[in-house]
Amino acid sequence: MNIGPLLLSLVVITTILINYYNNRCPNCKKWQIKGFNRVDDETFGDVVTVYCSRCKHKWTIKFKRSEFQPKQDSNIDN
């Protein structure tokens, strides 16, 4: 018996469980697989306000920007 398919299924189930617990509304327990809607479009700090489209509950979550952002050069050579 190969361990590859068993390990792959364990990783997939663990990823789905982590996504389920991170993307649930604390008020109505609705799960959104892609995350919740943000109240503001700009992030000025580490905390972002989100809301549930079902019960309109608002709460704050910690947000960390990706370190893999493309670098923007201020000097443009023509």
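## A partly exposed tryptophan

Trp31 counts as partly exposed because its relative accessibility is 34%. The scale runs from buried (under 20% relative accessible area) through partly exposed to exposed (over 50%), with a 1.4 Å probe and protein chains only.

This is a predicted model: local features need pLDDT of at least 70, side-chain atom pairs count only at pLDDT 80 or more, and totals for chains, interfaces and linings use all residues. Residues are numbered from 1 along each chain as its sequence is written, and side-chain values use heavy atoms, leaving out hydrogens and water.

## The chain in outline

The chain holds one helix and three strands. Along the sequence they follow the pattern α-β-β-β. Helices (H or I, at least four residues) and strands (E, at least two) are DSSP runs, numbered from the N terminus.

Of the 78 residues in the chain, 13% are buried. The chain exposes about 7,300 Å², and carbon and sulfur atoms supply 56% of that area. Such areas come from the Shrake-Rupley method with a 1.4 Å probe; for residues, only the protein chains shown count as cover.

How many aromatic pairs does the structure hold? It holds two. In the pair of Tyr20 and Tyr21, the ring centres are 5.3 Å apart and the planes meet at 70°, so this pair is edge-to-face. Rings of Phe, Tyr and Trp (its six-membered ring) pair if their centres lie within 6.5 Å; planes under 30 degrees apart count as stacked, over 60 as edge-to-face and the rest as tilted. Tyr20 is partly exposed at 29% relative accessible area. Tyr21 is exposed, at 53%.

Tyr20 also pairs with Trp31: their ring centres are 5.8 Å apart and their planes at 65°, so this pair is edge-to-face as well. The pair links distant parts of the chain, since Tyr20 sits in helix H1 (residues 4-22) and Trp31 in the loop between H1 and S1, 11 residues apart.

## A buried asparagine

Asn23 also lies in the loop between H1 and S1. Is Asn23 buried or exposed? Asn23 is buried, with a relative accessible area of 18%. Its side chain makes a polar contact with the side chain of Asn19, at 2.4 Å. A polar contact is a pair of N or O atoms within 3.5 Å; within protein, one must be able to donate a hydrogen and the other to accept it, and residues adjacent in sequence count only if both atoms are side-chain atoms.

## The sheet

Three strands form an open sheet in the order S1-S2-S3, with antiparallel pairing. Strand S1 (37-38) and strand S3 (58-62) are the edge strands, each pairing on one side only. Two strands pair if DSSP finds at least two bridges between them.

Strand S2 (residues 47-51) pairs with S3 over five bridges. Val50 stands opposite Trp59 in S3. Six residues lie between the strands in the hairpin of S2 and S3, where Lys56 takes a positive phi near 60°.

## The core

Which residues form the largest nonpolar core? Cys25, Phe36, Val48, Val50, Cys52 and Trp59 do. Such a core is a set of buried Ala, Val, Leu, Ile, Met, Phe, Trp, Tyr and Cys residues joined through side-chain atoms within 4.5 Å.
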